[in-house]
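Hi everyone, thanks for making time. Could you put the picture up, please?

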Amino acid sequence: MTTSGDSPATPLRLGSAVVHGATGYVGRHLVRALLLEDVTVLAVGRSDAGLDAVREWLGEAGALMRPVVADVSTDEGSHYVADQLRRRGGIDAAFAAIGGWWEGPDLVDLDTATWDGLLRSHLTAHFLAARSTVPSLAPQGSAYVALNGIATLKPEAGSGPVSVTGAAQSMLLEVLRAEEDRPRVRFHELCVVNPVVDDGQAPDAREAVVEITDVTAAALRLARAGDPTVVRTELGQWQPAPAATPHSGDSAVG
Ligand SMILES: NC(=O)c1ccc[n+]([C@@H]2O[C@H](COP(=O)([O-])OP(=O)(O)OC[C@H]3O[C@@H](n4cnc5c(N)ncnc54)[C@H](OP(=O)(O)O)[C@@H]3O)[C@@H](O)[C@H]2O)c1
């Protein structure tokens with residue numbers, strides 16, 4: 001289901017959260033926004049060094065972050081995360097901010113190794129993050145919020161793998177939702193349709209952009225009170241291409 005808004009529901013109290021992709025731009029800001037609201041945050045990243053850098057960047061609040069070093073694009077890493085979350089008991093919210101922007105050759109010129117690598121970082125990692133996390137979401141009320149971007153909605157020439165994996169990531173979330181039998185566990189996609197910039201940079205931008213605090217606020221709003229019937233929320237401005245005129249059914253087949 002697609003919408004450009006989220007509607008209020010009984011707000012969920014966020015006591016604990018996990019952030020996948022915590023070493024990335026959006027991920028580390030999510031960690032900070034959650035810590036500022038006194039949420040216990042498990043920050044999942046692939047390396048000690050990356051998570052140390054986030055801790056340093058957080059300043060004083062960094063001491064409160066709980067680092068989980070694991071590569072969720074591998075079975076080993078995802079099992080480790082699953083184990084850590086199981087030990088904690090019910091998690092109130094999970095955020096998946098894995099995989100960033102990529103530009104390269106058109107699909108017809110793309111080598112298989114690059115394609116495989118992007119499937120792993122932009123899709124398999126989302127699958128394994130969900131597989132490791134969803135079973136530990138609190139049954140009495142919780143939310144899984146995955147970040148996504150414009151390439152999901154629109155075919156981006158030169159960023160084909162990001163479009164293909166983004167569309168698949170949307171369906172991944174839909175299937176997780178369809179398979180979920182705990183009625184109070186919600187799934188949301190936050191599709192940020194413009195580049196994200198630091199706070200205060202939007203007025204000088206030459207194109208439509210979204211400031212990072214608006215992204216983290218929207219993600220937390222979805223986690224707390226997203227409409228359970230709405231999977232995708234778009235943030236930003238874009239103009240969908242006009243719909244193609246459907247063919248009439250008189251073409252010769254066979
Ligand atoms: N930034 C934007 O302008 C923007 C705009 C619209 C939507 N978004 C959405 O926001 C989300 C995050 O984007 P971002 O800009 O924060 O990206 P980013 O800064 O490049 O961060 C990507 C994160 O994904 C992790 N990652 C990459 N490959 C991985 C793999 N194979 N296994 C596990 N983790 C992996 C990275 O870990 P390492 O640090 O270890 O590499 C990093 O934590 C994406 O879904 C994107 O579509 C971003």
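So, which element gives the largest share of the shell around the ligand? That's β6, with three residues. Before I go on: this is a predicted model, where local features need pLDDT of at least 70, side-chain atom pairs count only at pLDDT 80 or more, and totals for chains, interfaces and linings use all residues. Residues are numbered from 1 along each chain as its sequence is written, and side-chain values use heavy atoms, with hydrogens and water left out.

Okay, the ligand. It has 21 residues around it, and the closest are Thr 23, Val 26, Arg 46, Gly 99 and Val 196; being near here means having a heavy atom within 4 Å. By class, the shell has nine nonpolar, 10 polar and two charged residues. Nonpolar covers Ala, Val, Leu, Ile, Met, Phe, Trp, Tyr, Cys and Pro, charged covers Asp, Glu, Lys and Arg, and the others, Gly among them, are polar.

Now the polar contacts, meaning pairs of N or O atoms within 3.5 Å. For Gly 99, a backbone N or O atom lies 2.9 Å from an oxygen atom of the ligand. With Ser 73 we go to the side chain: an N or O atom there is 3.4 Å from a ligand nitrogen atom.

Where does the ligand sit? In the largest pocket, and sitting there means more than half of its atoms lie within 2 Å of the pocket's grid points. A pocket is an open set of points on a 1 Å grid over the protein atoms alone, with protein on both sides within 12 Å along at least five of seven lines; lining residues have an atom within 4 Å of a point. This pocket holds about 670 Å³ of space, that is, the space filled by probe spheres set on the points. Its lining has 28 residues, and Gly 99, Gly 100, Trp 101, Asn 148 and Gly 149 are the closest to its centre. Here α5 (160-179) supplies the largest share, four residues. Helices (H or I, at least four residues) and strands (E, at least two) are DSSP runs, numbered from the N terminus.

The second largest pocket holds about 330 Å³. Gly 99 turns up there too, among the residues nearest its centre.

Last one: the largest cavity, where a 1.4 Å probe fits but cannot get out, has about 40 Å³ of space. Its lining has six nonpolar, two polar and no charged residues.

Definitions and conventions
A polar contact is a pair of N or O atoms within 3.5 Å; within protein, one must be able to donate a hydrogen and the other to accept it, and residues adjacent in sequence count only if both atoms are side-chain atoms.
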